[in-house]
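Subject: Structure for your files

Hello,

Here is the structure I said I would send. My notes on what was found in it follow below.

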Amino acid sequence: MACASFTKLNATSSQWIGHQSFGQRTGSSSTYSVTRRVSLPIRAGSYTDELVKTAKTVASPGRGILAIDESNATCGKRLASIGLDNTETNRQAYRQLLLTTPGLGEYISGAILFEETLYQSTTDGKKFVDCLCDQNIVPGIKVDKGLVPLPGSNNESWCQGLDGLASRSAEYYKQGARFAKWRTVVSIPCGPSALAVKEAAWGLARYAAISQDNGLVPIVEPEILLDGDHPIERTLEVAEKVWSQVFFYLAENNVVFEGILLKPSMVTPGAEHKEKASPETVAKYTLTMLKRRVPPAVPGIMFLSGGQSEMEATLNLNAMNQSPNPWHVSFSYARALQNSVLKTWQGRAENIVAGQKALLERAKANSSAQLGKYSGAGESDDAKKGMFVKGYTY
């Protein structure tokens, strides 16, 4: 059952961009007469007020998103790293550790779940969705169906999952989900081709419109992969191109910007570039890109970590919050929140409390970074280790 603060609200009447006049040529090349005035609507369905409220809740000061939406196969790889078999029981045990951590809601505002987790309960029979709602954490759901090869491209991918998305989203809403995530990727070493960029942008826009129609705030995530040896300037160039097309197609699909969240990559050099960028440089290039491309109507920017070390991702986020931004600038981390937890837990019941403590420490560090108050003092060597995997898949 959805928590009370996320129940469906009745929306106000349709919103309007305004009235746009279109001229029609009447003979002279310099003479036009206005023949009609056309109203261009921003789509405002019955969920609009709720979408805006949900997005603001997720984008609340000092909080960010815990991403635990790995597919069963990817979760299996995480479990294998500590010697556990990939069984539903073990996946449930790990996710129960994460989602029942006392005090988590102080630093975490949303949790992205895999479909299996959305319908699971604790060993005591309490739904995971209710565990989240009890801490004022908004439940979210991964809705894409993964990446497949894109014919006609430079060995690039496209994201599938639009078929049946409306009906699935409606069911996820009934189960308690209030936001959604769709991840597609853009590869710089592969071009990127114009086809791949357009496909990524259009797919995200269609998903966003369908999600909003069904009460889910869409997280828009065109991940620009770290793979490559390119400089930071090249990443900036590609990121600007990608995000310009994303917002063009979001507008064409009448998506309500106040009811979305973004999950961009930080603008960094390629993982194999000879020079590593400082947090200040990453912040400068990333914020430059965002200010050029993202309207201030968007409530939240929830960065992905993309294989950075736990400490690196937190330092970069902190650098971006040293001065006011037009949007809430925060985190939506998976590996950068979970890595220390797995190593601490090791699949043992006696380590659950210690594992939860490790999660709280990382969540608190990123909460401090969202507020621009993180120093990095006292971080462990493990927190400084990079987690980049070439060609990484979820």
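A crossover is called right-handed if, with the strands pointing away from the viewer, the path from the first strand over the helix to the second runs clockwise. Strand E8, helix H7 (residues 194–213) and strand E9 make a β-α-β unit of that right-handed kind. Please keep in mind that this is a predicted model.

Strand E8

Strand E8 covers residues 179–186, and eight of its eight residues are buried. In a regular strand the side chains alternate between the two faces of the sheet. In E8, Phe179, Lys181, Arg183 and Val185 point one way, while Ala180, Trp182, Thr184 and Val186 point the other way.

E8 has pairing partners in E5 and E9. With strand E5 (residues 138–142), E8 pairs in the parallel sense over three bridges; in one of them, Gly140 has Phe179 as its partner. With strand E9 (residues 217–224), E8 also pairs in the parallel sense, over eight bridges. Here Val186 stands opposite Ile224.

Salt bridges

A search of the whole structure gives 14 salt bridges. Side chains of opposite charge can pair when their charged atoms come close. Some examples follow.

Glu221 and Lys181 form a salt bridge, with their closest N and O atoms 3.7 Å apart. This pair links distant parts of the chain, as Glu221 is in strand E9 and Lys181 is in strand E8, 40 residues apart. Glu221 and Lys181 are both buried. They also belong to a network of salt bridges that links them with Asp69.

Lys142 forms a salt bridge with Asp144, and the closest N and O atoms are 3.0 Å apart. Both of these residues are buried as well.

Arg293 forms a salt bridge with Glu240, with 4.0 Å between the closest N and O atoms. This pair, too, links distant parts of the chain: Arg293 lies in helix H9 (residues 279–293) and Glu240 in helix H8 (residues 232–252), 53 residues apart.

Are Arg293 and Glu240 buried or partly exposed? Buried means under 20% relative accessible area, exposed over 50%, and partly exposed in between. Glu240 has a relative accessible area of 12%, so Glu240 is buried. Arg293 has a relative accessibility of 28% and therefore counts as partly exposed.

Regards

Technical notes
Residues are numbered from 1 along each chain as its sequence is written. This is a predicted model: local features need pLDDT of at least 70, side-chain atom pairs count only at pLDDT 80 or more; totals for chains, interfaces and linings use all residues. Side-chain values use heavy atoms; hydrogens and water are left out. Buried means under 20% relative accessible area, exposed over 50%, partly exposed in between (1.4 Å probe, protein chains only). Helices (H or I, at least four residues) and strands (E, at least two) are DSSP runs, numbered from the N terminus. Two strands pair if DSSP finds at least two bridges between them. A salt bridge is a side-chain nitrogen of Lys or Arg within 4 Å of a carboxyl oxygen of Asp or Glu.
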